[in-house]
Amino acid sequence: MNNNIAIKAESLTKKFGDFTAVDGISFEVQKGEIFGFLGANGAGKTTAMRMLCGLSMPTSGKATVAGFDVYRQNEQIKRNIGYMSQKFSLYEDLTVKENIRFYAGIYGKSDAFIKEKTAWLIDQLHLGTEANKLVKSLPLGWKQKLAFSVAIFHEPQIVFLDEPTGGVDPVTRREFWSMIYDAAESGITVFVTTHYMDEAEYCNRVSIMVDGRIDALGTPAQLKQSFGAQSMDEVFLKLARKAVRSAD
Amino acid sequence: MGGAYFPPTSASSGGVRAYNLIKHYGTQKQLVQALRGVSFEVQQGELFGIIGPDGAGKTSLFRILTTLLLPDGGEATVDGYDVVKQYSEIRKRVGYMPGRFSLYQDLTVAENLEFFATIFNTSIEENYDLVKDIYAQIEPFKDRRAGKLSGGMKQKLALSCALIHRPSVLFLDEPTTGVDAVSRKEFWEMLNRLKQQGITILVSTPYMDEASLCDRVALMQNGEVLTVDSPEGVINSFQQPLLAVKANRMLPLLNDLKAFEGSDNAYPFGEYHHVVLKEGTEPAVLENYLRQRGHGPVTITTIRPDIEDCFMALMRN
């Protein structure tokens with residue numbers, strides 16, 4: 001198999017009873033790529049992402065993530081990915097340091113590694129005076145940045161980001177994306193969902209799901225050209241309006 | 001700065017007035033200042049947006065105006081009534097849709113609507129014309145329990161319940177958060193139709209692009225109002241020249257734009273980077289600079305700012 005491929009899905013399908021949530025999607029994500037995974041509410045993004053994270057068994061089709069098979073090697077997948085969502089990411093009643101220690105421990109990192117990298121990270125995020133404070137006392141923007149750093153602390157091959165910037169102010173949102181760029185630069189593959197269409201522009205390639213299928217896939221420039229659209233917002237609206245399925 | 005200050009009045013004018021509202025939570029040791037003196041005025045029949053990120057104070061503000069929370073300072077009136085002294089009058093007159101779904105999950109769609117109509121001493125029939133447009137879309141599922149509805153349908157039911165007593169002021173707290181672009185568009189079309197019925201609407205949102213859909217907006221950050229104006233007014237108050245720049249290698253371009261002497265600020269913006277130029281800097285100077293820095297073909301366009309540009313500029317002040 002090609003060593004430059006981080007994620008490969010072939011006719012990946014998930015049915016719940018007679019409802020087909022994900023309908024035979026096929027795509028590849030290159031190593032170090034920032035891949036935007038877009039779709040309206042209810043299009044099947046979350047179900048697809050759960051399969052790729054090894055949390056949900058596909059009904060049919062094939063997929064490998066970080067070289068591991070989603071059917072047989074889902075435990076190895078979990079060890080080799082990072083995950084962050086807007087809704088839940090850190091323990092509010094643990095301190096900054098405790099959260100880092102907790103997640104790094106779960107991923108089986110050594111004490112020496114954790115100690116050294118924690119010091120580096122806290123310095124990096126300018127959290128020196130906050131290191132021993134409870135996470136709930138941090139402003140939202142800082143929490144989001146810390147959550148992302150924790151998600152890639154164990155140096156995973158791929159990080160899955162589920163609407164990481166929801167509700168964040170425009171300046172912090174951009175700082176967050178600059179962290180994503182740094183992660184991709186260091187070789188981590190980034191798989192990200194978002195409702196902000198300007199953020200779709202920051203991705204190397206973007207896929208758009210409609211009714212369980214991937215109806216468009218390409219660089220933002222390619223998609224705008226093939227849909228005769230001025231912006232990704234317009235591309236998205238053109239595609240999502242075709243949806244038959246209702247939201248959620 | 002925007003946000004005109006005015007003395008509070010007790011006249012029975014409609015709409016909403018907030019004057020120097022203050023709210024804090026927690027103990028002295030760990031004090032959270034949710035509102036640091038918020039003032040604005042909403043005219044009767046206006047569609048007014050409160051725009052700001054999480055933690056700006058939007059929900060605290062709405063809870064004070066809907067009389068669910070007492071302010072620590074300042075005054076406010078809703079539909080001419082004082083939010084502290086005349087709270088019971090206000091409760092009869094406002095509709096409130098909280099950010100989190102707050103209907104009865106175990107009651108059906110029809111039962112929820114019936115319940116809210118009854119506690120406000122009215123009936124679905126009496127005000128059906130007001131909710132018809134929205135409720136008709138979920139009426140086919142009227143016997144389904146509210147907890148079993150999809151997100152979009154829950155939202156329509158919540159809006160119907162908030163409207164069924166024909167409120168004069170409607171408060172919608174982040175109705176479009178986490179909602180995709182298509183559903184967001186539909187929701188705003190719905191709000192515009194409600195506006196035609198003469199209802200004053202206050203809607204909060206973290207999405208800057210929704211500002212243009214309001215008559216006027218208050219931009220909020222960290223418990224303060226940055227400005228109050230029409231979307232046009234906000235944009236026109238952005239004084240510095242603004243450029244959209246694009247080149248083959250966007251990351252090095254951003255670093256060079258930030259380092260450029262004549263740039264006041266530079267940040268990514270969709271497929272372009274935006275550069276705020278210092279007064280008196282000509283775009284041609286930037287073009288020369290970028291050529292010297294080894295960027296091949298570069299596109300530089302002078303553009304009108306959008307609300308997000310303005311918000312970032314106001315945050316810097």
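Strands β1(B) and β2(B) run antiparallel and are joined by 8 bridges. A word on terms: two strands pair if DSSP finds at least two bridges between them. Helices (H or I, at least four residues) and strands (E, at least two) are DSSP runs, numbered from the N terminus. This is a predicted model, in which local features need pLDDT of at least 70 and side-chain atom pairs count only at pLDDT 80 or more, while totals for chains, interfaces and linings use all residues. Residues are numbered from 1 along each chain as its sequence is written, and chains are lettered from A and ligands numbered from 1 in the order in which they are written.

Back to the hairpin. Between β1(B) and β2(B) lie 6 residues, and in this hairpin Gly26(B) has a positive phi near 85°. His24(B) stands opposite Gln33(B) of β2(B).

Contact here has a cut-off: the C-beta atoms of two residues, placed from the backbone, lie within 7 Å. Axes are lines fitted to C-alpha atoms, for helices over the stretch in contact, and angles run from 0 to 180 degrees between N-to-C directions.

β1 (residues 16-25) and β4 (residues 73-78) of chain B pair in the antiparallel sense over 5 bridges. In β4(B), Val78(B) is the bridge partner of Val16(B), and Thr77(B) is that of Arg17(B).

Now chain B overall. It has 10 helices and 14 strands. Of its 317 residues, 43% are buried, where buried takes 20 or more other C-beta atoms within 10 Å of the residue's own, exposed takes 12 or fewer, and partly exposed is in between, with C-beta atoms placed from the backbone.

Next, the contact between the chains. How many residues does each chain give? Chain B gives 27 residues and chain A gives 29 residues. On the side of chain B that touches chain A, α5 (151-163), α6 (181-196), β12 (263-269) and α10 (307-316) of chain B each supply at least two residues. The largest share, 4 residues, comes from α10(B).

Last, chain A. Helix α3 (residues 96-106) and helix α4 (residues 111-124) of chain A pack at an angle of about 140°, with their axes 11 Å apart. From α3(A), the contact uses Lys97(A), Ile100(A), Arg101(A) and Ala104(A); from α4(A), it uses Ile114(A), Thr118(A) and Leu121(A).

Ile25(A) is in strand β2 (residues 19-30) of chain A. Is Ile25(A) buried or exposed? Ile25(A) is buried, because 22 other C-beta atoms lie within 10 Å. Leaving aside neighbours within four places in sequence, Ile25(A) is in contact with Ala9(A), Leu12(A), Ala48(A), Arg213(A) and Ile214(A). Ile25(A) and Gly61(A) are 36 residues apart in sequence, and 8.5 Å apart in space from C-alpha to C-alpha.
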